[in-house]
Amino acid sequence: MRPGELDAGHIERWRELRALSGAPANPFMEPEFTRAVGRVRPGARVAVVEGAGEAVVGFFPYERGPLGQGRAIGFGVSDCQGPVLSPEHGLTAVELLRACSLTSWEFDNLEAGQALFAPDATEEFDSPVIDIGQGYAAYESALRVGSPKFFRTTTAKERRLARQAGEVRFVFDERDPAALRTLMGWKSAQYRRTGRRDRFAKEWISALVRQLAADHTPDSAPGCSGVLSVLYVADRPVAAHFGLRSRTVLSCWFPAYDTDFAKYSPGLILHLRMAEAAAGAGIGLLDLGRGAAEYKDALKTGNLRVHEGASVRPGPRAALYRLGREPSRRAHSFVRNRPKLAGYAQRALNQVGRLRDR
């Protein structure tokens, strides 16, 4: 069915199955995210898996292409992926794909513990996290021990920012649409500056973010909602982040800052303020998302694991899929796993970004 056709009973059962999985309540795995994608992606679907007596034993959100090729729901922007299944579902990956008329299902952030598709993963990545389950004070104490120079430098820059530019103010859940537009402008400029594809140039991604920002769920309610956090200096936004939260997990998604204030590291200040506010709002985990970055190494308390790969049904279209996708995947993997080569690639991307801005 289309995601919008899920009824209240489906949503309740989805939540029950997620609770039984024991996995962190990642907001990308909540039904609200799938429904939001369904409003901007025509190929979005949800397979409802029924067991004996028509009892629902699982849900499989996906997007279907014109030739039956499938992808994870929100592929390219979703940071946690996979079906929501009862341990007694009794399916194989091939059976599920056949029932959905899919020749393949591609994923780039498959959740750890997704046994159905894990054997088809080709790579595994760290997804750094900040554990604030014991409160922000406990996290700050650990940060002072584990990353003392980082913590001292960042807090000193915040004090200097206040002295030199004006009062520093932080809003955890900003509802002003103008602040979101500012963030999206900064992020687009960052993508261009670093030679990367501008995600917000794709209308469906921009529409998805605006929609999730507008759909506001109370902190105590289950589900998924957008959270826009903004760091202001003298009422001027200097750093912002838009992410998704469930009741207990905040997935960090789109951070950016005003480059005029780069010397103060406003993005790092923002992340510390976010961790403090999130802990106060009952959130126990900040998922910083897949990908290596110095600031993640400084902030994190540990890692989750996510997987990349594709499950492909046997047949002639499987060969076409491998011809079309595997050379690119292997090339990216080759570069990622060689730090020196990855450095050359990053410098080349930066040069592309500089040429774009001329």
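In this predicted model, R305 has a relative accessibility of 31% and therefore counts as partly exposed, since that class covers values between 20% and 50%. The partner of R305 is E124, with which it forms a salt bridge whose closest N and O atoms are 2.8 Å apart. Because E124 belongs to strand β6 (residues 121-131) and R305 to strand β12 (residues 302-312), this pair ties together parts that are 181 residues apart in sequence. E124, at 41% relative accessibility, is likewise partly exposed.

A search of the whole structure finds 19 salt bridges, among them one in which the side chains of D215 and R39 meet at 3.4 Å, N to O. D215 sits in the loop between α7 and β8 (225-233), and R39 in the loop between α2 (31-38) and β1 (44-50), so that parts 176 residues apart in sequence are tied together. A further salt bridge joins R236 to D260, again with closest N and O atoms 3.4 Å apart; here R236 is partly exposed, with a relative accessible area of 37%, whereas D260 counts as exposed at 60%. Elsewhere, R15, E30 and E32 are linked in a network of salt bridges.

Beyond its neighbours within four places in sequence, F242 is in contact with residues including L180, L183, V209, L212, W253 and F254.

Notes:
Residues are numbered from 1 along each chain as its sequence is written. This is a predicted model: local features need pLDDT of at least 70, side-chain atom pairs count only at pLDDT 80 or more; totals for chains, interfaces and linings use all residues. Side-chain values use heavy atoms; hydrogens and water are left out. Contact means heavy atoms within 4.5 Å. A salt bridge is a side-chain nitrogen of Lys or Arg within 4 Å of a carboxyl oxygen of Asp or Glu. Helices (H or I, at least four residues) and strands (E, at least two) are DSSP runs, numbered from the N terminus. Buried means under 20% relative accessible area, exposed over 50%, partly exposed in between (1.4 Å probe, protein chains only).
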